[in-house]
Amino acid sequence: MDTALTEGAASAALVEHFGEALSALPEGASLTLAHPSSPAGAFNPGGVTPCDDNDRDAAGPVFLTLNYWVSGIPEGGAARNLDAIAAHWEGLDRPLVRRSTGGGRTAVATMPDGSAIVAHDNGRGSLSVSGTSACFPRANTGSADQPEVIDRP
Amino acid sequence: MRPALTQLRGWNPQCLNGSADELARAAAELDEQIALVVRGVDGVLDIWHGDAARGAWDRAVEERSAGNRIAMALLETSSSLRRGAATIESAAAHAIAVIDGALDEGFAVSDEGAVTAPAAGPGLTVAAAGDAALAQRVLDARARELAEDIARALDEVALADSRTAATLTDCLAEFDLVPGERAPDPRVQDIVDGRSTLPAGAAELHEFWTSLTGEEKDALFAHDREVGNRDGLPAADKDRYNRIHLEDLQTRAAAALDAVNARHPGWGAGEQVPAQPASNSRDEKAWKAWAEYNAWRGERELLLAKIDEYGAVHRAIDAGSAPPRLLMGIDGDGRAAIALGNPDLADNVATLVPGTGSHLAGIGGDIDRSARMLDAATRADPLATTSVVTWYGYNAPQSIPEAGLDRFAERGAPRLDSFQDGLRAAHQGQAAHQVIVGHSYGSTVIGTAAVGDGSLDVDELVFVGSPGVNAEHVSELHLDGVNAGDVGAHVYSTAARWDPVPYLGDATLAGRHVHGTNPTDPDFGGRVFASDPGDPGPLLGTNPRVHSEYWDLRNRSLEGMGQIIAGMGGPS
């Protein structure tokens, strides 16, 4: 657990990592909470989850999760763009896990600060980028300011 | 209108909570008085007959109806006051923080929120390459920024204030409607008079309930404060009545605690607490005092635990603005259910059943897990809407030895079955894709509801880190509308390699598994989806922490759950 980490700092760090992933994509790409074509698919604002399954410890550590859709890329480009992000991470020597399940493909990169960024092609034309922080004290939650749109740097 | 700073600093929104408590107590007292009147008239009717007696009874029923309406309006007003207090307090605290921040930076803030920059000091002038005018312009620009921040914050306070006032005005208008009330539907009157009951089945109850007016629903709530827990009611109505019921439970628990504390004002503060007599003491007075203290302490701790639980539920339903949170159930016995998103309107509806150690004060953690599953389902299918219910509708075992017992599952199973029937009955439009996800002992509850004569009205079952589901083979589980031979295609399980709980489930007692075959065992016959193994630990390689890691974004299990909930089929 990173005792100094706050939800705000965790959010800012994840957004920075998202920007790094975006830089591997073509110009015009951005990350959005809204799905590029389906209003039903909008992601909710991020939130924290307990690191331990222990209802007796309401103050136990938590981690932050944020989700975004990749917007502004041509239709049919999800697989190619997932590979571009993964290749970018490989070039930066980020530890990387790739997997395929149920028609979808996923690349998980671990960042030096202990957070993980997940790029996921759901096999149905949509590419998402999500991030999860290291664990931090529940007392440090609150005041995270999550942008609705992250533009390509 | 924006409040002035002096006004803002003088506000005490907590006063609204005090008023809310008083109104809730008044509603409870009114309830008791109404019951007294009706019981009184009812009592004399055994010896009093004829037109006058009938007239007295009709009048008593009328008074009860009007009284119920007033009690309902009192509770609504109490609830609005509490919500208003929280909203105004939060907005005011934010505004004061912004203002204090400006003051800390050395800016002057007027009572109306205007910001004036200080004169540029030598340090800033040096930083501006000796250009004093430039340094002052920088400060003035910052003053404008701060003024905008303060204006926005004060606007939020004004908005919270005016919204609370508008809601209270609506509540007060309810009181005006009381004299002109129409006679309720005879079916409702019969229920309120105790001559009949609500339909028992979820589908029948849904049909009956949706034929009622708002006033008739209110009358049924006034008659039975737990009506919001009845399966088959629309989620929006459950939420409305259960929120009021929660406030009522909180008020009653707080009043009961006050009464317990008042019996021994010093004991709560640790003063004059009777000492435990020596084991060989024959001092009867000392033993009596010690026994009385222990009984008092037990009663107090129980109430404190209840207040803690209700507080956790209250925080959980008020947390976050999206998706909407609906209180699908709440009772005074440690059970509740909270939906993320409206299950009546969603394409996919999942129910999370927690396991050993779960108790109401910790419901927030499982709601967080439900939120991660909702995200995962959205990633899998962004064209569909999903709702996830965190179901604390059973009293879970609180220790590993207790988790070896079936009785917790056996008590929870009928409730889970009924809850699923209610979700199905209340759903609007095309039937939802309905899934239950059980973690740990929660999977045992699900299995218990689906074996023997039981059958669940759901499309898929998901067992996560399961110690067994009280079945040796998937064919023993029953799902409504699914042929026995096809059930295996609808039952999914996952277990991380180093999660100890599935190994505990593999243990045998007198030659049989404690809760049946591990559902990830190939002999069980269900579908298995992958989880990351987790890090090995000291107990033969197992690591208790791994049992909690299924909802980590990195873990492929979360992706699998998302695909199953979204009806995309199992991950291969």
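This tour visits the nonpolar cores and aromatic rings of a predicted model.

Residues are numbered from 1 along each chain as its sequence is written, and chains are lettered from A and ligands from 1 in written order. Local features need pLDDT of at least 70, side-chain atom pairs count only at pLDDT 80 or more, totals for chains, interfaces and linings use all residues, and side-chain values use heavy atoms, without hydrogens and water.

Select B:Ile330, B:Met373, B:Val437, B:Val462 and B:Met561 to begin. In the largest nonpolar core, which has 45 residues, these touch the most other members. A nonpolar core is a set of buried Ala, Val, Leu, Ile, Met, Phe, Trp, Tyr and Cys residues joined through side-chain atoms within 4.5 Å; buried means under 20% relative accessible area (1.4 Å probe, protein chains only). Helix H12 (residues 363–380) of chain B gives this core its largest share, eight residues; a helix is a DSSP run of H or I with at least four residues.

Next, a second, separate core of 39 residues can be shown through members including B:Phe419 and B:Val451.

Turn now to the rings, where 13 aromatic pairs occur over all chains. Rings of Phe, Tyr and Trp (its six-membered ring) pair if their centres lie within 6.5 Å, and planes over 60 degrees apart count as edge-to-face. Select B:Phe408 and B:Tyr441: this pair is edge-to-face, with 6.4 Å between centres and 80 degrees between planes. B:Phe408 belongs to helix H14 (residues 407–426) and B:Tyr441 to helix H15 (residues 441–450), both of chain B. Both residues are buried.

Conventions
Buried means under 20% relative accessible area, exposed over 50%, partly exposed in between (1.4 Å probe, protein chains only). Helices (H or I, at least four residues) and strands (E, at least two) are DSSP runs, numbered from the N terminus. Rings of Phe, Tyr and Trp (its six-membered ring) pair if their centres lie within 6.5 Å; planes under 30 degrees apart count as stacked, over 60 as edge-to-face and the rest as tilted.
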